[in-house]
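Here are some friendly notes to read alongside the model. Please keep the sequence and the 3D view open as you go.

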Amino acid sequence: MTDKIGLTGSIATGKSTVAKIFKSYNIPVVDADEVAKSLIEPHKKGWHNIVDFFGEEVLNSDQTINRKKLGSIVFSDATKLKQLNQINGKLIRQEIMRQVEHFNTPENELVIADIPLLFESDYRTEFDQVMLVYTDEATQLSRLMKRNNMSEKSAQKRIRAQWSIERKRTLSDIIINNSGTKKQTEKQIEKYLSDNYPQIMLPQDKR
């Protein structure tokens with residue numbers, strides 16, 4: 001039986017970094033963001049859902065969704081963010097879980113589903129365990145401001161649009177502390193795999 005691990009975090013806590021580390025170990029990772037992007041390609045059902053609700057002003061000239069413009073709309077209005085998540089939420093969930101089941105095979109000891117809004121969208125019951133990529137809130141704010149070249153006020157607004165990282169911490173089964181260096185984070189993941197999945201071979205005989 002393949003273990004199904006839901007990987008989550010909050011904006012700028014480093015979840016994508018952790019997902020890449022798992023991929024480097026040849027562990028299958030289902031990326032919720034990539035699923036969502038694929039479902040809103042021009043004239044697909046998810047695309048029509050968004051355009052019908054938000055209007056054509058969220059489109060680029062090539063008819064693709066302008067994700068930056070859409071983000072600026074929903075992250076300044078909690079109601080619209082909730083509505084956006086509901087518009088394609090069922091489609092996205094179905095495709096994520098379809099891909100997760102695709103890796104439910106004897107040769108895979110675990111599969112990781114990288115889902116930014118795992119708690120907010122109530123995915124907890126879909127997985128055996130939830131792994132949280134954690135940083136303290138001050139580090140999260142600093143990294144987001146630097147990464148996105150944002151003002152403190154704008155960065156705080158983005159962070160407040162999600163559940164707080166501390167709330168998520170209390171609900172998670174596994175905590176990966178990404179407040180330090182990438183190497184320190186990698187060591188935590190290696191220990192987790194070594195303790196729980198000793199058959200998985202890590203690169204360069206890291207055990």
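The points below cover aromatic rings, charges over rings and one glutamine.

1. First, the ground rules. This is a predicted model, in which local features need pLDDT of at least 70, side-chain atom pairs count only at pLDDT 80 or more, and totals for chains, interfaces and linings use all residues. Residues are numbered from 1 along each chain as its sequence is written, and side-chain values use heavy atoms, leaving out hydrogens and water.

2. The model has 3 aromatic pairs (rings of Phe, Tyr and Trp, the last by its six-membered ring, with centres within 6.5 Å; planes under 30 degrees apart are stacked, over 60 edge-to-face, the rest tilted). One of them joins Phe53 and Phe54, edge-to-face at 4.9 Å centre to centre and 70° between the planes.

3. Tyr192 is buried at 9%, and Tyr197 is buried at 5%.

4. Arg93 lies over the face of Tyr123, 4.1 Å from the ring centre (NZ of Lys or CZ of Arg must be within 6 Å of the centre and within 35 degrees of the ring normal). Arg169 lies over the face of Tyr134, at 4.2 Å.

5. Finally, look at Gln140, which is buried with a relative accessible area of 2%. A polar atom of the Gln140 side chain lies 3.0 Å from the backbone oxygen of Ile11.

Technical notes. Buried < 20%, exposed > 50% of the residue type's maximum accessible area, 1.4 Å probe, protein only. Polar contact = N/O pair within 3.5 Å; in protein donor to acceptor, adjacent residues only side chain to side chain.
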